[in-house]
Amino acid sequence: MSERAALAQEFAVAAAAIAAMLGGVALPAALSQAIAAAAPALPADSLPAVQDIAYRSTRQLGLCREVGAILNAHPPAARVAALQIVALAQLIEPLRAAAITVDQAVAGARLHRMTEPAAGFLNATLRRFVRESDDLLARAQRNQEARWNFPRWWIEQLRRDHPGSWETILAASNQTPPLTLRVNRRRFARDDYLALLGAAGVSARPVGPQALVLATASPVTALPEFAAGAVSVQDAGAQMAAPLLDVADGMRVLDACAAPGGKTTHILELADCEVIALDVSAERLARVAQNLDRLGLRAVLQEGSALEPQTWWDGIQFDRILVDAPCTASGIVRRHPDVRWLRRRSDLATLSARQGEILAQLWPLLRVGGKLLYATCSVFRAEGEGVVDSFRRTHHDAIRRGLAWRFEGSEAPEQVDQLLPRADPLRDHDGFFYAMLEKSV
Ligand SMILES: C[S@@+](CC[C@H](N)C(=O)[O-])C[C@H]1O[C@@H](n2cnc3c(N)ncnc32)[C@H](O)[C@@H]1O
């Protein structure tokens, strides 16, 4: 029997997480903090609901903030504003009668001393929203940030970078992402695992050579053979990296920004390589170890910075290097909706400078004739073509090679570089940038 807390408490905990996120904390960490602060009163059965409420609120944040700006005579305190955002998001995408949402939001306000005095204010503003929602939403949506639920600078940057498709990118980025699996080729052919899922009553469809999208998300640990390493969770766009890297048995491969190891493990599923998995974070490197263990694979784990190879490199050059560089994550916002609110416009220049520096530092580690795949999960030009163009201006031995990919359901391979997020049945993937650089004599 499910033992959930009252909706009022779930709203209050989600609002605490939203308030922390608006203060600069990443949403997963903000949720952990808010849930820990509510324990032991919050039952485990309420955790998925709290997470769902917080993620929906984050996806609707621009619109809810603008509606709040119209409704509120004065800006409310941070925690009250967060509770109002949570309730408005639930009213905009209704899962239940509006009166229940309003009552429970007001009851949620009464649960905490910081929001208790604002219970009447919340009651009045939310009831007004219910009465006048069409008009209030139309007025709010005149503001671009509310219309798209993205910060203004982000929208402007996308318009500049992708004049013909910025609206499609924003719309795709606001979708709820699917759960995508990568079938471990060493254990199962993709279609054999698809049949195994079908026999277990789990419906899925193929979206890549090893990629399956589940019709409805379910706990991965309950999937057939999960613990034995049959599948991993990985977006179909991210699953392109290892095949594009063009690895073969016996190669020495550097995965330069490896954690949590999604691409490290994929490389090792494709070929018997010697892989050095480098990451600057020891904590995140531990997750690479866990993933390797579950899949029964081996790599050398190296803690260190790609910016300082002299501190960890043994002097033996690599046949292949994957640089999955730290970036704005603008391509994966459907999975991480908080990213858009946490990033600042200035991050773009800082990150693209670091990406260029990582490339420059790692280039000497590649043997002549070797290949380096530069990747980011970004749709901003500055982190893709911009980085590669300026790198090639100073590195004349770097030859840019085309990258071809045959998408599910299409006859011929297509050139890929900037992959835009899409949610079509046969092409369901996040946004990525890929560029292959080969070292000439
Ligand atoms: C985009 S994530 C990598 C995702 C990973 N390739 C995968 O597929 O699971 C970027 C990683 O780069 C690491 N990182 C950031 N700066 C770094 C540096 N200077 N040297 C090495 N790793 C770095 C971060 O800790 C993070 O784990």
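The largest nonpolar core here has 71 residues. A nonpolar core is a set of buried Ala, Val, Leu, Ile, Met, Phe, Trp, Tyr and Cys residues joined through C-beta atoms within 7 Å. Buried means 20 or more other C-beta atoms within 10 Å of a residue's own, with C-beta atoms placed from the backbone. A256, I321, V323, Y374 and A375 have the most contacts inside this core. Take A256. Its contacts include L278, A306 and I358, leaving aside residues up to four places away in sequence. Contact means C-beta atoms, placed from the backbone, within 7 Å. Another core lies apart, with 48 residues, among them A17 and V50.

A word on the source. This is a predicted model: local features need pLDDT of at least 70, side-chain atom pairs count only at pLDDT 80 or more, and totals for chains, interfaces and linings use all residues. Numbering starts from 1 along each chain as its sequence is written.

Now the sheet. It is open and antiparallel, with 4 strands in the order 2-3-1-4. Strands are DSSP runs (E, at least two residues), as are helices (H or I, at least four), numbered from the N terminus. Two strands pair if DSSP finds at least two bridges between them. Strand 2 (204–206) and strand 4 (231–233) are the edges; each has a single partner strand, so one side of each has no neighbour in the sheet.

How many bridges join strand 2 to strand 3? There are 3, and the two strands run antiparallel. In one of these pairings, R205 partners V213 of strand 3.

Key: Buried ≥ 20, exposed ≤ 12 C-beta atoms within 10 Å, placed from the backbone. Contact = placed C-beta atoms within 7 Å.
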